[in-house]
Amino acid sequence: MMENLLRYDKDKVHTFIDLETENLCLSFINNRPWQCGMIKVKGNEVLETSDIYIKWDKPINVSKEAAQITRFDQYKYNKIAIHSSEAIKTIAHWLENCDYIIGHNILNFDMYLIKDYYEMYGKEWKHLVSKVIDTNCLAKGVKYEIPYSQEMSLIEYQYRVLNERRKGVKTNLTSLGKEYSIEHDYETLHDALNDLHLNIKVWNRLKFQIAV
């Protein structure tokens, strides 16, 4: 049965995705993504990279704290951002045409905004959830010694561990990267693409620690 695990499957296409946003609110009412980074991976090969700055019909309002963390550049944003109606075409194409959607803390954050984004343009989103792999959830499963059994779906397992909190246990990308002794530019994290490159490296370690 081990040959059925994702670690051995070189044919599945994974879309890694990360949103940089105005703040940490989980609703479009108060929060919009201004950057969407995506990396398409098949096996160990990076097939394509996309870095989209998104323009909305209202001014972007990145909080001071978020701007400092993400190094938001208003000049760059004004110069290269494309309208949300165009950006959704590329984002949806990538998410629809992959086997798995992978992100770190995606179930607890990014998927809420992707849901609202899809609904804004009349798109169905629920089928995307079953394709999600949240590396934050998998890291918690490993650290909390909660094994994954294929008697339940992978998404059910991830929701089971999603809100587990244990004192002293760190599962953020930076902590995982350094714990795994992964070489990376940690100084420029919180740029969507840089986060994703680290996310891929972390996934490549995690998938050998948990039987998904």
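Rings of Phe, Tyr and Trp, the last through its six-membered ring, form a pair if their centres lie within 6.5 Å. In this predicted model, the structure holds eight aromatic pairs.

One of them joins Phe28 and Tyr117, whose ring centres are 6.0 Å apart with 40° between the planes, a tilted arrangement. Phe28 belongs to the loop between strand 1 (13-21) and strand 2 (33-42), and Tyr117 to helix 4 (residues 106-120), so the pair ties together parts that are 89 residues apart in sequence. Phe28 is buried at 6% relative accessibility, and Tyr117 is buried at 4%. Both residues belong to one aromatic cluster, which is formed by Phe28, Trp56, Tyr117 and Tyr121.

Tryptophan rings also carry charged groups over their faces. Trp56, a member of the cluster, has Arg32 over its face, while the charged end of Lys40 sits over the ring of Trp94.

| Charged residue | Ring | Distance to ring centre |
|---|---|---|
| Arg32 | Trp56 | 5.0 Å |
| Lys40 | Trp94 | 4.7 Å |

The cysteines are considered next. A disulfide is a covalent bond between the sulfur atoms of two cysteines. With a cut-off of 2.5 Å between the sulfur atoms, the count comes to zero disulfides. Cys36 is in no disulfide, and the nearest cysteine sulfur, that of Cys98, is 12 Å away. Seen from Cys98, the closest cysteine sulfur is in Cys36, and the 12 Å between them is too far for a bond. Cys36 is buried at 0% relative accessibility; Cys98 is also buried, with a relative accessible area of 8%.

Note on methods: Residues numbered from 1 in each chain as written. Predicted model: local features only at pLDDT ≥ 70, side-chain atom pairs only at ≥ 80, totals over all residues. Heavy atoms only, no water. Phe/Tyr/Trp six-rings, centres within 6.5 Å; stacked < 30°, edge-to-face > 60°. Helix = DSSP H or I, 4+ residues; strand = E, 2+ residues; numbered from the N terminus. Buried < 20%, exposed > 50% of the residue type's maximum accessible area, 1.4 Å probe, protein only. Lys NZ or Arg CZ within 6 Å of the ring centre and 35° of its normal.
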